Amino acid sequence: MIKFENVTATYTENVGIFNLSFHIPKGELVFLMGPTGAGKSTVLKTIYKDIPISDGTLFINGEDVGNIRRRHVPRFRRKIGMVFQDYRLIPDRTVFENIALPLQIEGVSKKEIKDKVHDICEKVGLKKSINNYPNQLSGGENQRVSIARALVKKPLVILADEPTGNLDPNVSDEILDLLEIATDSGAAVLMSTHNFPLIQPRKKRFIELNEGRLVVQ
């Protein structure tokens with residue numbers, strides 16, 4: 001599903017990712033490890049086509065990302081669900097409205113949006129909060145909304161950028177449970193983190209970076 005072949009993508013000559021090769025099949029949750037500045041966010045931004053590749057090849061579901069023209073980037077991004085450390089919710093919209101947004105962008109019917117949003121809220125434990133606004137929720141609940149928004153369109157890939165960075169350990173563990181839901185439908189999930197004690201009990205594969213280079217996979 002996600003395949004890096006000798007990928008280099010840089011901001012400057014010495015900052016970025018260099019000659020990375022790894023593969024994440026569908027239905028697998030993989031952790032992207034490394035200290036601050038290791039290149040974790042650069043990997044995610046490369047997949048999301050925020051940063052261009054200067055060398056190598058990146059495939060998402062068999063499609064060469066480097067060949068995607070600028071005008072087709074929005075279509076490509078529909079295949080990807082993003083989860084952020086700071087949630088990035090719209091403050092003046094309810095939980096329902098925040099989760100519904102990607103479906104509205106895709107032109108899904110109102111009835112189908114209602115059904116899908118209610119279904120995902122049930123799965124992530126937001127049923128009672130569906131009409132609340134982000135400022136009425138805890139940090140963990142806001143992250144649940146962020147994950148539900150990413151899952152509702154059933155993407156091929158989920159990218160989670162330090163999604164537990166602002167949460168306490170118990171809530172963080174619940175967030176990992178929710179990310180595993182995405183693998184049930186066949187999505188490839190790549191989560192960046194520097195919190196090894198959090199992910200160690202999960203016994204999942206992890207990819208470790210240091211200074212933009214692969215250390216372990």
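The second largest pocket of this predicted model is lined by 14 residues, and those nearest its centre are Asp-119, Ile-120, Lys-123, Leu-151 and Lys-154. Its volume is about 240 Å³. Helices α4 and α6 each contribute at least two residues to the lining of this second largest pocket, and the largest share, four residues, is supplied by α4. By class, the lining of the second largest pocket comprises eight nonpolar residues, one polar residue and five charged residues.

The largest pocket has a volume of about 440 Å³. Among the 19 residues that line the largest pocket, Tyr-48, Ile-80, Pro-102, Ile-105 and Lys-153 are the closest to its centre. Two or more lining residues come from each of the elements α2 (73–77), β6 (80–84), α3 and α5. The lining of the largest pocket consists of eleven nonpolar, two polar and six charged residues.

In soluble globular proteins, nonpolar side chains tend to be buried together. In this model the largest nonpolar core contains 38 residues, of which Ile-99, Val-117, Leu-126, Ile-158 and Leu-179 touch the most other members. At least two residues of this core are supplied by each of β3 (29–33), α3 (95–105), α4 (110–124), α5 (139–151), β7 (157–161), α6 (169–184), β8 (188–193) and α7 (196–199). A second, separate core has 31 residues, including Phe-22, Ala-38, Leu-159 and Leu-190.

The surroundings of Ile-99 may be followed in detail. When neighbours within four places in sequence are left aside, Ile-99 is in contact with Val-117, Ile-120, Cys-121, Leu-126, Val-145, Ala-148, Arg-149 and Val-152. One of these partners, Ile-120, is also among the residues nearest the centre of the second largest pocket. Two others, Val-117 and Leu-126, are listed with Ile-99 among the core residues that touch the most other members.

The structure also holds two aromatic pairs. The ring centres of Phe-4 and Phe-22 are 4.5 Å apart and their planes meet at 20°, so this pair is stacked. Phe-4 belongs to strand β1 (residues 2–12) and Phe-22 to strand β2 (residues 15–24), and the pair links distant parts of the chain, 18 residues apart. Both Phe-4 and Phe-22 are buried.

The other pair is formed by Phe-196 and Phe-206 and is edge-to-face, with 5.8 Å from centre to centre and 70° between the planes. Phe-196 lies in helix α7 and Phe-206 in strand β9 (residues 206–210), so the pair ties together parts that are ten residues apart in sequence. Are Phe-4 and Phe-22 buried or exposed? As noted, both Phe-4 and Phe-22 are buried, whereas Phe-196 counts as partly exposed because its relative accessibility is 32%. Phe-206 likewise counts as partly exposed, at 26% relative accessibility.

Between α7 and β9 runs a loop that contains Arg-202. This arginine is charged by class, and Arg-202 is buried because its relative accessible area, 17%, falls under the 20% limit. Which residues is Arg-202 in contact with, leaving aside its neighbours within four places in sequence? They are Phe-31, Asp-173, Leu-176, Asp-177 and Glu-180.

Definitions and conventions:
Residues are numbered from 1 along each chain as its sequence is written. This is a predicted model: local features need pLDDT of at least 70, side-chain atom pairs count only at pLDDT 80 or more; totals for chains, interfaces and linings use all residues. Side-chain values use heavy atoms; hydrogens and water are left out. A nonpolar core is a set of buried Ala, Val, Leu, Ile, Met, Phe, Trp, Tyr and Cys residues joined through side-chain atoms within 4.5 Å. Buried means under 20% relative accessible area, exposed over 50%, partly exposed in between (1.4 Å probe, protein chains only). Contact means heavy atoms within 4.5 Å. On a 1 Å grid over the protein atoms alone, a cavity is a set of points where a 1.4 Å probe fits but cannot get out, and a pocket is an open set with protein on both sides within 12 Å along at least five of seven lines; lining residues have an atom within 4 Å of a point. Grid points are joined across faces, edges and corners, and a volume is the space filled by probe spheres set on the points. Rings of Phe, Tyr and Trp (its six-membered ring) pair if their centres lie within 6.5 Å; planes under 30 degrees apart count as stacked, over 60 as edge-to-face and the rest as tilted.
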